[in-house]
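I opened my notebook to look up a few side chains and their partners. Here is the model I worked from.

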Amino acid sequence: MNAPAKTEEFVPAIPAGVFAETVTSVQHYTDRLFRFRMTRPESFRFRSGEFAMIGLMVGDKPVYRAYSIASPSWDEELEFFSIKVPDGPLTSYLQQIKPGDTVLMRKKPTGTLVLDALTPGKRLYMFSTGTGIAPFASLMRDPETYEKFDEVILTHTCREVSELKYGFDLVEEIRNHEFLAEVVGNKLRHYATVTREDFPFQGRITDLIRNGKMFADLGVPHFDPAVDRGMICGSSAMLKETKALLEEAGLVEGSNNKPGEFVIERAFVD
């Protein structure tokens with residue numbers, strides 16, 4: 001009874017005031033990671049980088065969790081990138097969805113990983129671990145990101161090489177996209193590292209910042225508050241440590257109400 005149901009099976013049970021959208025595609029990357037796309041309500045507006053509360057009917061109750069929207073604001077569909085938690089209240093069911101199934105979504109998106117929360121700069125760092133890459137999947141595909149910055153550097157750190165594939169797929173998609181390729185040009189750089197397997201770039205991103213290897217690998221100078229801006233999304237430990245490193249370099253945290261040199265998404269589930 002708890003498996004995700006087809007739309008026509010539980011329309012009467014859908015709570016009032018939420019969108020009920022149809023899954024259009026599902027791609028499983030590893031036994032821990034998958035992405036899915038679903039229809040987008042005509043009235044749903046969001047800024048690239050924001051998150052939404054999405055959910056499923058589990059039994060006779062809706063269960064919701066915060067998920068960053070991985071698709072850009074111009075996309076006709078909505079994309080999400082998720083971990084699979086075997087006994088997770090939502091993900092244990094969400095990982096079983098198939099095209100044609102229904103996913104619930106609350107109507108108001110929110111979040112701090114938006115371009116409006118940053119002061120003007122030249123180089124934008126997107127620091128991510130695991131599924132924390134999701135909001136950057138949105139921002140990387142938004143032309144406004146490249147109008148505001150001369151260089152965009154995505155860092156993505158995972159435990160195993162297989163977990164990096166979503167990021168590599170995204171970059172490849174952008175490079176081959178009919179209009180994004182021209183907009184992005186050579187502004188986008190991708191710095192992927194792993195912590196538990198052999199790979200050209202190894203180590204936690206915070207260690208690579210601290211010891212200077214990230215800057216050497218990328219051929220860029222150390223953080224400069226006049227030039228560099230940052231966005232951080234990932235595990236709570238990584239958020240705290242990266243925030244401290246940026247603050248040590250003189251960058252100030254911003255928000256929707258008061259833009260600054262870097263922003264953090266604290267509501268994200270990782």
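Entry 1: I looked up R37 and found a relative accessible area of 17%. The cut-off for buried is under 20%, so R37 counts as buried. I noted that this is a predicted model. Next I asked which residue forms a salt bridge with R37. E77 does, and the closest N and O atoms are 3.0 Å apart. E77 sits in strand β5, residues 77-83, while R37 sits in strand β2. The pair therefore ties together parts that are 40 residues apart in sequence. E77 is partly exposed, at 23% relative accessibility.

**Entry 2: other salt bridges.** How many salt bridges does a search of the whole structure find? I got 21. My reminder to myself: side chains of opposite charge can pair when their charged atoms come close.

I picked R189 and E151. Their side chains meet in a salt bridge, at 3.1 Å from N to O. This pair links distant parts of the chain, with R189 in strand β9 (residues 188-194) and E151 in strand β8, 38 residues apart. R189 is partly exposed at 26% relative accessibility. E151 comes out at 15%, so I wrote it down as buried.

R32 was my next stop. It forms a salt bridge with E163, and the closest N and O atoms are 2.9 Å apart. R32 is in the loop between β1 and β2, and E163 is in the loop between β8 (151-158) and α5 (165-175). That puts the two residues 131 apart in the chain. Is each one buried or partly exposed? R32 is partly exposed, with a relative accessible area of 31%. E163 is buried, at 7%.

**Entry 3: aromatic rings.** I turned to the rings. A pair of aromatic rings is described by the distance of the centres and the angle of the planes. I counted 14 aromatic pairs. In one of them, the ring centres of F19 and F44 are 6.0 Å apart and the planes stand at 80 degrees, so I logged the pair as edge-to-face. F19 is in strand β1 (residues 18-28), and F44 is in the loop between β2 (33-39) and β3 (51-58). They are 25 residues apart. F19 is buried at 10% relative accessibility, and F44 is buried at 1%.

I also looked at F215 and F223. Their ring centres are 5.0 Å apart and their planes are at 80 degrees, so this pair is edge-to-face too. Both F215 and F223 are buried.

F34, F36, Y67 and F80 went down as one aromatic cluster.

**Entry 4: charges over rings.** Which residue lies over the face of F19? I found K107 there, at 5.1 Å from the ring centre. R106 lies over the face of Y64, at 4.1 Å from the ring centre.

**Entry 5: S138.** I finished with a serine in helix α3, residues 134-139. S138 has 0% relative accessibility, so it counts as buried. What does its side chain reach? I traced it to the backbone oxygen of S71, at 2.9 Å. Leaving out residues up to four places away in sequence, S138 touches F46, S48, G49, I69, A70, S71, P72 and S73.

Methods. Residues numbered from 1 in each chain as written. Predicted model: local features only at pLDDT ≥ 70, side-chain atom pairs only at ≥ 80, totals over all residues. Heavy atoms only, no water. Helix = DSSP H or I, 4+ residues; strand = E, 2+ residues; numbered from the N terminus. Buried < 20%, exposed > 50% of the residue type's maximum accessible area, 1.4 Å probe, protein only. Polar contact = N/O pair within 3.5 Å; in protein donor to acceptor, adjacent residues only side chain to side chain. Contact = heavy atoms within 4.5 Å. Phe/Tyr/Trp six-rings, centres within 6.5 Å; stacked < 30°, edge-to-face > 60°. Lys NZ or Arg CZ within 6 Å of the ring centre and 35° of its normal. Salt bridge = Lys/Arg side-chain N within 4 Å of Asp/Glu carboxyl O.
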